[in-house]
Amino acid sequence: MAELRWATARDIDRVLELVEAYHRQEGLRGHGRDRLRAVLEDLFDGNKRGRVLLATEDAEVIGYALVVRRPSFEWASDVAVIDEIFVLGKGREKGLGRRMISFVEEYAASEGLPAITLEVSVQNVSARGFYRAVGFTRMDREIYARTVNGPR
Ligand SMILES: CC(C)(COP(=O)(O)OP(=O)(O)OC[C@H]1O[C@@H](n2cnc3c(N)ncnc32)[C@H](O)[C@@H]1OP(=O)(O)O)[C@@H](O)C(=O)NCCC(=O)NCCS
């Protein structure tokens, strides 16, 4: 059975491999490894803003979730945000994603955070099914983003 634990600085290379696998699979922007590494190094440098949850099996990392802590006026508290969650194809549909969400919930409860929020692409039908199955409720909102100093 896969083990769940928070990643440390020693896991950076293994996490990066999986992040790249996920981004390739999803056709997400291909950021260079150095930029992703900088994000992780910042997190592990005594930073309390976020954590990376790792799922390992036989010493191999087969899943991760980036969990961010952010202040929210809406909840009058910090909340936990799942920025990304990914399980390698061979590890899917065996209950691992559900266990990872429970792990994040235990963390949130232990920190007194009242909610876990996340964004998912409308096109990602399977992830939407997963989130509903593990207890998330769809909020009727739109997400906007704008590049800084980019073309308008
Ligand atoms: C989404 C993901 C993390 C789910 O992980 P998983 O380990 O396969 O999920 P689980 O096996 O724990 O499934 C938990 C529940 O979700 C349901 N579920 C899982 N995949 C589903 C799908 N494609 N459609 C509908 N429901 C699904 C399962 O049926 C299960 O419900 P049950 O316990 O009531 O039977 C995994 O499929 C993945 O990595 N996908 C690619 C990355 C991604 O899209 N991430 C989310 C966007 S950030």
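# Fold and ligand shell of a predicted model

Residues 24 or more positions apart account for 56% of those contacts in the protein that have a separation of 6 or more. The structure described here is a predicted model. Buried residues make up 17% of the 152 residues in the protein.

## Overall build

The protein has four helices and five strands. Read from the N terminus, its elements follow the order β-α-α-β-β-β-α-β-α. The radius of gyration is 16 Å, close to the 15 Å that the globule rule gives for 152 residues, so the protein is as compact as a globular protein of that length. Taken along the principal axes, a box of roughly 40 × 35 × 35 Å holds the C-alpha atoms of the protein.

## The sheet

The five strands form an open sheet, ordered β1-β2-β3-β4-β5, and the pairing is mixed. Strands β1 (3-6) and β5 (116-118) stand at the edges; each has a single partner strand, so one side of each is left without a neighbour in the sheet. On average, and with direction ignored, neighbouring strands of this sheet are turned by 30 degrees against each other. Helix α1 (residues 12-26) packs on the sheet, where it touches β2, β3 and β4. The direction of α1 makes about 85 degrees with that of β3.

| Strand pair | Sense | Bridges |
|---|---|---|
| β1 and β2 | antiparallel | four |
| β2 and β3 | antiparallel | eight |
| β3 and β4 | antiparallel | 10 |

Trp6 stands opposite Leu53 in β2. Val52 has Leu66 as its bridge partner in β3. Val67 has Ile82 as its bridge partner in β4.

Two hairpins link strands of the sheet. Strand β2 covers residues 50-57 and strand β3 covers residues 60-72. These two strands form a hairpin with two residues between them. Asp58, in the turn of that hairpin, has a positive phi of about 50 degrees. The hairpin of β3 and β4 has four residues between the strands, and Ala76 takes a positive phi near 50 degrees there.

## The ligand shell

Which residues are closest to the ligand? They are Arg92, Gly97, Ser126, Gly129 and Ala133, and 19 residues surround the ligand in total. The residues of this shell divide into nine nonpolar, five polar and five charged.

Three elements, β4 (77-87), α3 (96-110) and α4 (125-133), each supply at least two residues of the shell.

Which element gives the most to the shell around the ligand? Helix α4 does, with five residues. Is α4 largely in the open or buried? Of the nine residues of α4, the number buried is zero, so this helix lies largely in the open. Just after α4, Gly135 takes a positive phi of about 105 degrees.

Technical notes. Residues are numbered from 1 along each chain as its sequence is written. This is a predicted model: local features need pLDDT of at least 70, side-chain atom pairs count only at pLDDT 80 or more; totals for chains, interfaces and linings use all residues. A residue is near a molecule or strand if its C-beta atom, placed from the backbone, lies within 6 Å of it. Ala, Val, Leu, Ile, Met, Phe, Trp, Tyr, Cys and Pro count as nonpolar, Asp, Glu, Lys and Arg as charged, and the others, Gly among them, as polar. A residue is buried if 20 or more other C-beta atoms lie within 10 Å of its own, exposed if 12 or fewer, and partly exposed in between; C-beta atoms are placed from the backbone. Two strands pair if DSSP finds at least two bridges between them. Axes are lines fitted to C-alpha atoms, for helices over the stretch in contact, and angles run from 0 to 180 degrees between N-to-C directions. Two residues are in contact if their C-beta atoms, placed from the backbone, lie within 7 Å. The radius of gyration is taken over C-alpha atoms; the globule rule is 2.2 Å times the number of residues to the power 0.38.
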